[in-house]
Number of protein chains: 2
Amino acid sequence: MLKIIAKQGRARRGILTTPHGTVQTPVFMNVATSAAIKGGISALDLKELKCQIMLNNTYHLHIRPGDKLIAELGGVREFTRWDGPVLTDSGGFQVFSLASLRKIKEEGVTFHSHLDGAKIFMGPEESMQIQSNLGSTIAMAFDECIANPAERKYAEHSCARTVRWLERCKAEMQRLNSLPGTINNQQWLFGINQGCTFEDLRIRHMKQIAKLDLDGYAIGGLAVGEPAEDMYRIINVVEPEMPEDKPRYLMGVGTPGNILEAVRLGVDMFDCVMPSRNARHGRIATWSGQVNLNNAKYARDTQPLDPLCDCPVCRNFSRAYIRHLLKAHEMLGMRLAVMHNLYFYNTLMEKIRASIEEGSFDRFYEENFVKLDARI
Amino acid sequence: MLKIIAKQGRARRGILTTPHGTVQTPVFMNVATSAAIKGGISALDLKELKCQIMLNNTYHLHIRPGDKLIAELGGVREFTRWDGPVLTDSGGFQVFSLASLRKIKEEGVTFHSHLDGAKIFMGPEESMQIQSNLGSTIAMAFDECIANPAERKYAEHSCARTVRWLERCKAEMQRLNSLPGTINNQQWLFGINQGCTFEDLRIRHMKQIAKLDLDGYAIGGLAVGEPAEDMYRIINVVEPEMPEDKPRYLMGVGTPGNILEAVRLGVDMFDCVMPSRNARHGRIATWSGQVNLNNAKYARDTQPLDPLCDCPVCRNFSRAYIRHLLKAHEMLGMRLAVMHNLYFYNTLMEKIRASIEEGSFDRFYEENFVKLDARI
């Protein structure tokens, strides 16, 4: 299902054929937490923004409106009117970051909803059932997300449980995919590598989960506060252990520079709330670096957000107008800024893909790695 | 500039030729308070929603980002990228409803900004200067908005001052339109009829301002809490005093039923925040009556907001999805609901126009006057 059509060093240019359409990799997935991108962006807008994969959050949709309701309505693709591939996370990250009063046992995690305090249990089977109800293209394995830095003893213990949980995820997904009423009975399962910043734990864990022959593999538990150098160091040692013929997904990353570095190290897939969250706060990604639109110098600036960008926002609106809208807390300001930033990220991936095909990725990396993350 | 092409009873079907384009009347103007429709709707979206005139609020734009800044950038049409006609209110209504610590004198009103408490003075000249800076197509006269019911003595006093202020508005607008740097030196001025719910005051005031030969006339000071019957009674007595060849604008109105009744009484132009405000709270205008999307019965409803509507929202999204988005406080929910409601209002006006042309307005009125305002 993944065909690598070009390589430059470890950087891979691939075509991923999913049950819901073809994806050109490396790809950035656009995060629609509660079945919509924050900032008033619809599934129809996403097409215009060159989005290839929409990502939905399992925890949020389980709590509201409920995955059973979404299943009744035909799954999240029918619900949102996004007809391309969808990746759902496992809910694990949110259980460990948003919910309160967690209790972790071998069976799974008991926690309280951040919305109404309702007591909820989620283990590997429940996560698979919810994701099956959502009918996504790619489901993520349920794992424990522990903070960096962590105690080695705890990390080792958690890694072992993550392997056991992954085996249960795989068995449950096979069962669900075989049921007659399943919305997407070709749903894929990606395993998630853990092990904090301990290289040997990461490598051992990756070797263990690679044996399960899943549809893809993610590197999780990074970009949670550790220095970028630690993240690159871990990717660097884990990547050689990842199956060549399976997509590799670095979860929750990141800045344009982070993405360039991770592509250089062999990663195919990314997701992050950064472009939309930054946009809502006036931080605009441009081909010259990051612009802070709140800066007074943009109040009378009639240029587009990025004069080098051809997105629907830059073709029509000025920095001065969008800055005013953000200052006045008008939703349109957030919408326009988010549209631009998502288009920027999706175009960044397009340029990365073209450069790998042309053999010019190293030059593209050198030109942009520092520049795109700089604040101007 | 106003050509009446058909009449049925007092209902008028007209074509209004403005310096910024032609408007088919009766028309509903779409309210973009701070240079954007609340709900993340851009000027480009408005075209798709059949909007003909955008309305901007002088008070809001004077305070933020400032009318001088907007003038530097070419006026509000250039700022927002709306290339059709724009009407700006005078700021008076907001000065009397939003600002604090008002002091009214013959010269004008001193008040404190609701944003930062800054002391601001606005009189007829200032209001004209601000609206000239905004470069709108139609400027509204600066008047005092007093509450209903009011003491007759005060209303009489206020009416007299409103006439004096109107004369000053007219003189100042003529001066501004003659200046070389003026953004729109063909800017129109509409006078505003006042007099609370006192019929004789209303009539006398209307006669006085009609003599000033302005570009159009509005009925102000209604829809501020009085019963709808009082409003209809006042329109009924004022309308015969309004010049036949000038557009008639009922400010701040209203429900679909209110609009139908006022068209029947000879009104050409309307504006109201109701469709966008209602939408943001899940109250959806439909051809069968008003739907409250918050109602649990819509949670699994796969129908569009209105099965009889062909707007971009109804062509794509379900009640269940939009209800979920509103419950989850996702901006997209507000955006989709606002888009639908504005399209509904603009389409209502289109149907009203067609029915006057066809001589079937009475039937259209009878079929819809009660039904469209009913909660279903």
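Buried area is the accessible area, taken with a 1.4 Å probe, that two parts lose on being put together, summed over both. By this definition, the area buried between chain A and chain B of this predicted model is about 3,300 Å², of which carbon and sulfur atoms give 63%. His324(A), Glu330(A) and Met331(A) supply 19% of the area that chain A buries against chain B, more than any other three residues.

Residues are numbered from 1 along each chain as its sequence is written, while chains are lettered from A and ligands numbered from 1 in the order in which they are written. Local features need pLDDT of at least 70 and side-chain atom pairs count only at pLDDT 80 or more, whereas totals for chains, interfaces and linings use all residues; side-chain values use heavy atoms, with hydrogens and water left out.

**Interface between chain A and chain B**

- With contact taken as heavy atoms within 4.5 Å, 36 residues of chain A are in contact with 36 residues of chain B.
- Because 100% of the interface residues of chain A are also interface residues in chain B, the copies meet through the same surface.
- Across this interface there are 4 salt bridges, a salt bridge being a side-chain nitrogen of Lys or Arg within 4 Å of a carboxyl oxygen of Asp or Glu.
- A salt bridge joins the side chains of Lys38(A) and Glu330(B), at 2.7 Å from N to O.
- On the side of chain A that touches chain B, at least two residues each come from α3 (67-72), α4 (76-80), α12 (319-327) and α13 (331-358) of chain A, and α12(A) gives the most, with 5 residues.
- The residues of that side divide into 19 nonpolar, 8 polar and 9 charged, where Ala, Val, Leu, Ile, Met, Phe, Trp, Tyr, Cys and Pro count as nonpolar, Asp, Glu, Lys and Arg as charged, and the others, Gly among them, as polar.

**Relation of the copies**

- Chain A can be laid on chain B with an RMSD of 0.0 Å by a turn of 180° and a shift of 0.0 Å along the axis, with superposition by least squares on the C-alpha atoms of residues with pLDDT of at least 70 in both.
- The two copies are therefore related as by a two-fold rotation axis.

**Fold of chain A**

- Chain A has 14 helices and 16 strands, these being DSSP runs numbered from the N terminus (helices H or I, at least four residues; strands E, at least two).
- The radius of gyration of chain A is 20 Å, close to the 21 Å that the globule rule gives for 376 residues, so chain A is as compact as a globular protein of that length; the radius is taken over C-alpha atoms, and the rule is 2.2 Å times the number of residues to the power 0.38.

**Backbone features and a helix pairing**

- The peptide bond from Val253(A) to Gly254(A) is cis, with omega near 0°, and Gly254(A) is found in the loop between β13 (248-250) and α10 (256-264) of chain A.
- Ala35(A), in the loop between β4 (27-31) and α1 (43-48) of chain A, has a positive phi near 75°.
- Arg204(A) and Glu156(A) meet through their side chains in a salt bridge (3.4 Å, N to O).
- Arg204(A) lies in helix α8 (residues 199-210) of chain A and Glu156(A) in helix α7 (residues 152-178) of chain A, so the pair ties together parts that are 48 residues apart in sequence.
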